[in-house]
Amino acid sequence: MNIDTILPMLLTVIAAATPLLLASIGELVTEKAGVLNLGVEGMMLAGAVIAFATTVGTGSAALGIVAAMLAGMATALVFGVLTLTLMANQVATGLALTIFGIGLSSLIGSGYIGVPVEKLAHLDIAGLSDLPVIGPLLFGHDVLVYAAVAITFAVAWFLKHTRAGLILRAVGESDLSAHSIGYDVIKVRYMAVLFGGLCSGLAGAYLSLSYTPMWVEGMTAGRGWIALALVAFASWRPWRVLGGAYIFGGVTILQLYLQGSGGIGVPAQVMNMLPYLATIIVLTVISAGPWRGRLDAPACLGKPFRPAS
Amino acid sequence: MIRPINRRTFLGTAAAGLTLAASPLRGASAADPLKIGFVYVGPVGDFGWTHGHDIGRKAIEAKFGDKVKTTFVESVAEGPDAERVIRQLASSGNKLIFTTSFGYMEPTLKVAKSFPKVMFEHATGFKTAPNVSVYNSRFYEGRAIVGHIAGSLTKTGKIGYIASVPIPEVVMGINATAIAARKVRPDAEVKVVWVNSWYDPGKEGDAAKALIDQGVDIMTQHTDSPAPLQIAEQRGILGVGQASDMKNFAPKAQLTAIVDEWGPYYVERTQAMLDGTWKTSDTWHGLKEGFLSMAPYGDAVPEALRKEADDIKAGIIAGTYLPFAGPIKDQKGEVKIPEGKSIPDGDLLGMNWYVEGVQA
């Protein structure tokens, strides 16, 4: 293997990791506030179909991306009203949201099957994109790839270094305490849920505008669930979400390349197990040894907030 | 106006209900449409396999109008769910049920036992029962044509094949492509990447990228989404559509596509039900009977090659061109099928070895 074979592989890995990263960083914020939203897959599909329909209708990918964010937030709002205001069970509501998203997106998308769309343009940064190796690797992507990384940085900084981030974490760790010192738990959770929806919507937009620029039903193919698993895999830490998304994307892509190069003599089924095997190994490593005990979910995760009034 | 329920009206209503229930002959009158159910493995909007079957279902509706009533259940997992869905369709009055994926075979047979009056049609299976027919398409005939075109046009001698799940049907497709390609280009190689899924646009696209990065200049696929073809278009190589004409996604890249045509069969079987002549059958048809067709050639296929491809198609239809005619060597170079013989249908349906030139 030399740089000419590794470079295209790395580019494919970045593409495969981006939707996972976007969806899981949004879910991480939601979960940090103590809300478990299993509807990621549904929100991604809503984002994907709206992004596609808007882009086809208006000819503007930028509008498509904005519409996808709004669509993700709209579906998240439905979830928020049901679980935060009406205190419905979060697990059941999240599952319902996924099913709702699948149905709604096929309904909206039925007129768009077989319609092609222009792939999201790469940002050309004068001079930099033309550099050998580094150029295509660092400067040859579309806006959503950078957005995914930027959002991860922002979330990490927000959670660790800002007062609002501290409040958000407090709400997720102990809603009653946060409430008793005067923070509006429900409001904070609404905002976290909406941010999760926005990120899922972006992840969907990436799928339908860049990764595979088309609309077909169920095109997320379970990536929403992988994103959910990634949050636990990363033990609710933004940097680990970033690493996890790239590891997961990387192993998936690596096995496709290994198959194509032939001559390794490992059955394709074993190769297909690799991403999941990698997940188990990393989870085992994280939860054992010096890291033990730090696999900590927010204490209030999934519990409805009922202020003692 | 709301009528108060008193004893008299209650009895009257009940009596009317009883009369209706007690006249089963009425239920069989011509006014009642024949109810037909479909079980789909994917979403109807997948633009691939399920999309093709749904076009077939619509052909029934177009042909018979009010005489039939079709329903479908989509995205049914191949497993316990399938049995539940099939049972539900059978018990809600559907008299003819099409189950359209290989994995529905056992559930279909199981449900068929409890509903002897309901007729079942299972796509791509091999087990029949008094009320279960099977039907399949000789997709490999299309792949032989594809293999010939790919072998003629490839510059690198490497043809990509995105494979779905390891069942004989897929292995048969890989082999048919390789055999035909090597007839025109003896050193041609078919590079296979398995994605272990029928439908995952993202992963199919990634597999296509992996193959292109490794020197493939023609892409074929045994998965259902247009993603690989779309990647082929972006990267400036050639490709072949699957199940539907996918030209919209790859106007320059698509050489042709193998198009599934289930409509005529569905119409024929529905007619048989209406006529009362439905019988168990085992149908494995191909180009000749119109179970599949080839999409119009793309601009990248030169005139002379179109003629050759058409000749092969005509040969297959006439029975003079056999896609699996010997001599055929396996991957190790040993002769599996000697000259003058062809692989019989039974062996094709259980095919689990690769021919020479397949790299997997």
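Two residues are in contact when heavy atoms lie within 4.5 Å. By that rule, 32 residues from chain A meet 32 residues from chain B in this predicted model. Residues are numbered from 1 along each chain as its sequence is written, and chains are lettered from A in the order in which they are written. As this is a predicted model, local features need pLDDT of at least 70, and side-chain atom pairs count only at pLDDT 80 or more.

**Where the chains meet**

- The area buried between chain A and chain B is about 2,600 Å², with 57% given by carbon and sulfur atoms; buried area is the accessible area (1.4 Å probe) that two parts lose on being put together, summed over both.
- Met214(A), Glu217(A) and Leu256(A) supply 21% of what chain A buries against chain B, more than any other three residues.
- Between the two chains there is 1 salt bridge, a side-chain nitrogen of Lys or Arg within 4 Å of a carboxyl oxygen of Asp or Glu.
- Its partners are Arg223(A) and Asp200(B), whose closest N and O atoms are 3.1 Å apart.

**Chain A on its own**

- Chain A has 12 helices and 0 strands, where helices (H or I, at least four residues) and strands (E, at least two) are DSSP runs, numbered from the N terminus.
- Of the 309 residues in chain A, 52% are buried, meaning under 20% relative accessible area (1.4 Å probe, protein chains only).
- Along the principal axes, the C-alpha atoms of chain A fill a box of roughly 65 × 55 × 40 Å.
- Contacts between residues 24 or more positions apart make up 77% of those in chain A with a separation of 6 or more.

Definitions and conventions
Heavy atoms only, no water. Buried < 20%, exposed > 50% of the residue type's maximum accessible area, 1.4 Å probe, protein only.
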